[in-house]
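Please work through the following exercises with the sequence and the coordinates open, and try each task before reading its solution.

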Amino acid sequence: MRRISKSMGGSMFIGELSKGCQLCMRGGKLVLFVTGLCTNPIGCSWYCPISFERKGRDVIYANERLVRSDKDIINEAALSGAEGTGITGGEPLLVLDRTIHYIELLKDNFGEAHHIHLYTGKRRINKKSIEKLARVGLDEIRFHISTEKESEVLASVDDSLSVGVEIPAIPGNLEPLKRLIKSFEKHRVDFLNINELEFTETNADELKKRGYRLKRNTVAAVEGSESTAKKLLEWAVDNTELNIHYCPLSLKDEVQLKNRLLRRAKNIAKPYEQITREGLLLKGVITFEDAGRVNQLYSIFRKYKVSGELIYFNPKKLRVETSVRIAK
């Protein structure tokens, strides 16, 4: 008997979670933003959450790090302890050769077990392009689909790929969303992710025009989106066999991001830095106006036999970094 199960961060699901979602939840995915360019489909442009720094710009980011070379991607994946990568944009298929190169790069450096999923909003896809992606190692493809007609793109997918669909829970759109979900059943779909709609700097005006408001006690969630998602899940228990996952903003911010920061912090923390519960690094900093005073501080360190590994002099910022306890 199908039922709704609860997971971490307020997420809920029916059936099984996709491999990509499982890795994301434990902070195990590198987020590789391959371009901010997009075909800008009318269906989703009004709620697109991409920031001004990325939207419409052909830039590349690995997590929050601007990418200038392949080495930046490999270093960030290693420092983050990434078990996989989520390729996103913009529209990754607009830069197909670049996307293929990055898949090969990640698989070559981290092995076939490094799980890679890709997001796309393209309404028409060249089947040969999908075959190329599958051939170089793409494991999972996720389609952003807004209308029942757009679901026809699912017929283009290579059989070797895990296939997912991502849709936002738009308040007041319950019946159209039900019909949209039913349209996925005509094709091979391994899972459906329903995302909580969010306010961002780039979509806030459009959301407000449509009468949407901020949910109480949140910084970005749209009021009514979560209740719409819950109603869809309740309906789906008896009306579809799809694996469905509701992904709230609380999961992304309080679980996924925190776990990814914790992984990275464990790999980069210096001996004197303390890792907080949120994955941030806490340290003591002593600043100087005169570089000559630094030697006086070091004489104090020697007097109290402070280990050298607990002291770092930053000449650019003219400061000494150490533990909070020692600084105090």
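**Exercise 1.** Which residues are linked with Arg65 in a network of salt bridges?

Solution. The model is predicted, so that local features need pLDDT of at least 70 and side-chain atom pairs count only at pLDDT 80 or more, whereas totals for chains, interfaces and linings use all residues. Residues are numbered from 1 along each chain as its sequence is written, and side-chain values use heavy atoms, with hydrogens and water left out. A salt bridge is taken as a side-chain nitrogen of Lys or Arg within 4 Å of a carboxyl oxygen of Asp or Glu. With that criterion, the network joins Arg65 to Asp72, Glu76 and Arg264. The structure holds 23 salt bridges.

**Exercise 2.** Determine which parts of the chain are tied together by the salt bridge of Glu83 and Arg26.

Solution. First, the side chains of Glu83 and Arg26 meet at 3.1 Å, N to O. Next, Glu83 belongs to the loop between α3 (70-79) and β6 (84-89), and Arg26 to the loop between α1 (19-25) and β3 (29-35), so the pair ties together parts 57 residues apart in sequence; helices (H or I, at least four residues) and strands (E, at least two) are DSSP runs, numbered from the N terminus. Finally, Glu83 is partly exposed at 30% relative accessibility, and Arg26 is partly exposed at 39%, where buried means under 20% relative accessible area, exposed over 50%, and partly exposed in between (1.4 Å probe, protein chains only).

**Exercise 3.** Compare the salt bridge of Glu175 and Lys178 with that of Lys215 and Glu196.

Solution. Glu175 is partly exposed at 44%, while Lys178 is buried at 17%. In the latter, the closest N and O atoms are 2.9 Å apart; Lys215 lies in the loop between α7 and α8 and Glu196 in strand β10 (residues 191-196), so this pair ties together parts that are 19 residues apart in sequence. Lys215 is partly exposed at 22%, whereas Glu196 is buried at 5%.

**Exercise 4.** Is Asn63 buried or exposed, and what is its phi?

Solution. Asn63 sits in the loop between β4 (61-62) and β5 (65-66), with phi near 55°, a positive value in a residue other than glycine. Most residues other than glycine have a negative phi. With a relative accessible area of 2%, Asn63 is buried. Asn217, found in the loop between α7 (204-209) and α8, likewise has a positive phi, near 65°, but is exposed at 81%.
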